[in-house]
Amino acid sequence: MTGSKLSQHGSSGNQFYLGAVTSLPITLSIFAVGMVVGVLAAEKGLTFTETFLFSALVFAGSAQFIALEMWGTPLAVSVIVFTTLIVNLRHILMSAAITPAIYHWPKRYSFIALFFLADEIWAVALTRAQRTDLRPSFYFGIALPFYLTWITSTLTGHAIGRSIGDPAQFGADFAFTAVFLALLVGLWNGRSSVLPWITAAFTALAVDTTWHGPWPILVGALSGALIGALQYDFLKAKYAAVSEDIASDQESS
Amino acid sequence: MSEMLSVDPYVFLAIIGMAFVTILTRVSGFVLARSFAIEGRTKAALEAVPGSVLIAIIVPMVFATGPAETIASLITLILASRLPFILAVFGGVGSVVVLRILLAG
């Protein structure tokens, strides 16, 4: 759908391909995670169709995982939906952060892109946007293979169940940590990253000792952003003071 | 077979509800950021978000799981600053598998 539409514009096909290649590590990693979610869905009694709809419509790995942990009979629909909202609150910050890179796109592309704004796609797209112009075709080159892999892997996990053995044995549980660490190296923004990142690490770790789930991520992200803003105010005040000094020096001489 | 393909109405409701709130969070940041000018301190705050989110997601695995995960994280960072992305990821995952075996024995 997007492929044929976008290839009308110059090298969009190339950009789509480039996006797909760039997203290979996250696509491979998501396969392992999707298998785990699929196995869990089968154990909780979801049918094949339900598992398909679950992955195709919700498309939020961590929220789906936490929801399945809470799955039971009778199904606590409102509690599950509310928990999903809390788990996904970080996406408000994330979509705001990627807005400068996508707001000038044709509007429907921006909104379709937002549907696909899973953590991994967002991180890869943002890394791209920091270096060069993020084109819709590149973004969908990341998103589509990732999305299809997510659906396929949960259905595979659902079909074969526990027989695959412990995913930790293959380091599958570490795959996303490795992906995010490698992405972090690309997101490093020099000295202005130091304080927000250290703050995020410490607050998230501190919260994690008591509350798991979404809270460490939410608190870490917000405190990192807060330090980023304070740092800006501090540097601005310092800069203003320095330029005042220069001004008064010039007056006195 | 029909049982495999059936959809329970409550399950469907849960899925639609989850999908709705997920899309809501993903769209609302965009709508908010587009209606207000992103400059100055707001820009500085949002620029700190990507790294902070990723760090907050991984710190429990990096620092609160065990020495194998902490060392493998360090190896991944070093690899990522020298090698192509995908090699750093494979190197990191490979090193955690090896380290878990070494440190368990």
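**From one residue to the whole**

Me: Which residues does B:Met18 touch, not counting residues up to four places away in sequence?
Reply: B:Met18 touches A:Val58, A:Ala63, A:Ala67, A:Ile80, A:Val81 and A:Thr84, where two residues are in contact if their C-beta atoms, placed from the backbone, lie within 7 Å. This is a predicted model, in which local features need pLDDT of at least 70 and side-chain atom pairs count only at pLDDT 80 or more, while totals for chains, interfaces and linings use all residues. Residues are numbered from 1 along each chain as its sequence is written, and chains are lettered from A and ligands numbered from 1 in the order in which they are written.

Me: How many residues of each chain are in contact with the other?
Reply: On chain B there are 65 residues in contact with 77 residues of chain A. α1 (2-5), α2 (9-35), α3 (40-63), α4 (67-80) and α5 (85-104) of chain B each supply at least two residues of the side that touches chain A, helices being DSSP runs of H or I with at least four residues, strands runs of E with at least two, both numbered from the N terminus.

Me: Which of them gives the most to that side?
Reply: That is α3(B), with 22 residues on the side of chain B that touches chain A. The residues of that side divide into 45 nonpolar, 13 polar and seven charged, with Ala, Val, Leu, Ile, Met, Phe, Trp, Tyr, Cys and Pro counted as nonpolar, Asp, Glu, Lys and Arg as charged, and the others, Gly among them, as polar.

Me: Where is B:Val11 found, and is B:Val11 buried or exposed?
Reply: B:Val11 lies in helix α2 of chain B, and B:Val11 counts as buried because it has 22 C-beta neighbours inside 10 Å. A residue is buried if 20 or more other C-beta atoms lie within 10 Å of its own, exposed if 12 or fewer, and partly exposed in between, with C-beta atoms placed from the backbone. Not counting residues up to four places away in sequence, B:Val11 touches A:Leu46, A:Glu50 and A:Leu75.

Me: How many residues has the largest nonpolar core?
Reply: The largest nonpolar core has 104 residues, and those with the most contacts inside it are A:Phe180, A:Ala221, B:Met18 and B:Ile55. Such a core is a set of buried Ala, Val, Leu, Ile, Met, Phe, Trp, Tyr and Cys residues joined through C-beta atoms within 7 Å. α3(B) gives the most to this core, with 14 residues.

Me: Back to helices: which residues of α4(B) are buried?
Reply: The buried residues of α4(B) are B:Ala68, B:Glu69, B:Ala72, B:Ser73, B:Ile75, B:Thr76, B:Leu79 and B:Ala80.

Me: Why are they on the same side of α4(B)?
Reply: They are on the same side of α4(B) because they cover an arc of only 165 degrees around the axis, the arc being that of the directions from the helix axis to the C-beta atoms. What covers these buried residues includes α11 (175-187) of chain A together with α3 and α5 of chain B.

Me: And how many residues of α11(A) are buried?
Reply: α11(A) is mostly covered, with 11 of its 13 residues buried, among them A:Phe176, A:Phe180 and A:Leu187. The buried residues of α11(A) pack against α3 (24-43) and α9 (119-131) of chain A, together with α3, α4 and α5 of chain B.

Me: What about chain A overall, how many helices and strands are there?
Reply: Chain A has 13 helices and zero strands, and of its 253 residues 46% count as buried. Its C-alpha atoms fill a box of roughly 80 × 50 × 35 Å, taken along the principal axes.

Me: Which domains is chain A divided into?
Reply: Chain A is divided into domain 1 (12-188) and domain 2 (189-253), with bounds that come from an automatic or database domain assignment. The contact between them takes eight residues from domain 1 of chain A and eight residues from domain 2 of chain A.
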